Amino acid sequence: MTFNPRIVLDTNVLYSALRSQLGVSHRLLSMVGQARFLPQVSAPLIAEYEDILKRGQLALSHAQIDDVIDYLCAQSEHHRIFYLWRPLLKDPNNDFILELAVKAQASIVTWNVADFKKAASLHVQVMSPRQLLEILEKSS
C-alpha cells in the first residue's frame, strides 16, 4: 500500500532545508518529486517563500531560489483560497497556511508546531519535519 500524505510545507521548513544540507528539512526537500508526499501550495504561500528566502540570508542566488521554488511548484498541487478565517491563530501571518491546509485536506509541516494549536479545531494535523520523516520511514 502506498502512503502519500498531502502536506503544506511552512516557510521555516523550506528555509531550514536551504540553509543546511545536514538536517531533517533538507532530507524532506530532497524527497520532493519522489511521490513520498504531495506538497500543496497557494499563491500566498509561494509569495511568502520568495519574500523570506530572498532576504539575503542564504548562500543561494535569487535565480537558484527561483529554481527551487519553481521545482516545488511543479511537484505540488495548486489551490486558490476563496474564504478566510482570520484571525484564528496566535500569529495571524500563519492563517493563510491553515486555510490552505483546510482547502487541500493536508497536514501542516512546520518547526513551529505550537503556533498552530488551534488547527486541531479545523481537523488539521500539524507535525514537525522530524515527525513527517518518521511517518514516511515507517510506511516505506
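The axes of helix α3 (residues 43-53) and helix α4 (residues 62-74) come within 10 Å and cross at roughly 160°. Here helices are DSSP runs of H or I, at least four residues long, numbered from the N terminus. Axes are lines fitted to C-alpha atoms over the stretch in contact, and angles run from 0 to 180 degrees between N-to-C directions. The pair α3 and α4 is therefore roughly antiparallel (over 145 degrees; under 35 counts as roughly parallel, 65 to 115 as roughly perpendicular and the rest as oblique). The crossing of α3 and α4 is right-handed (the near helix is turned clockwise from the far one by less than a right angle; anticlockwise gives left-handed). On the α3 side, I46, Y49, E50 and L53 make the contact (heavy atoms within 4.5 Å). They meet I65, D66, I69, L72 and C73 of α4. By class, this contact of α3 with α4 has 7 nonpolar, no polar and 2 charged residues (Ala, Val, Leu, Ile, Met, Phe, Trp, Tyr, Cys and Pro count as nonpolar, Asp, Glu, Lys and Arg as charged, and the others, Gly among them, as polar).

The model is predicted: local features need pLDDT of at least 70, side-chain atom pairs count only at pLDDT 80 or more, and totals for chains, interfaces and linings use all residues. Residues are numbered from 1 along each chain as its sequence is written, and side-chain values use heavy atoms, with hydrogens and water left out.

Helix α3 also packs against helix α5 (residues 95-104), at an angle of about 140° and with the axes 9 Å apart. That makes α3 oblique to α5. The crossing of α3 and α5 is left-handed. P44, L45 and E48 of α3 touch F96, I97 and L100 of α5. These residues divide into 5 nonpolar, no polar and 1 charged.

A further pair is α1 (11-19) and helix α2 (residues 24-31). Their axes lie 7 Å apart, at an angle of about 100°. Helices α1 and α2 are therefore roughly perpendicular to each other. V13, L14, S16, A17 and L18 of α1 meet S25, H26 and L29 of α2. The contact of α1 with α2 has 5 nonpolar, 3 polar and no charged residues.

The largest pocket has a volume of about 160 Å³. A pocket is an open set of points on a 1 Å grid over the protein atoms alone, where a 1.4 Å probe fits, with protein on both sides within 12 Å along at least five of seven lines. Its volume is the space filled by probe spheres set on the points, which are joined across faces, edges and corners. Lining residues have an atom within 4 Å of a point. They include D10, T11, N12, Y15, E48 and D115. The largest share of the lining, 3 residues, comes from α1. The lining divides into 2 nonpolar, 5 polar and 4 charged residues.

Notes:
Helices (H or I, at least four residues) and strands (E, at least two) are DSSP runs, numbered from the N terminus.
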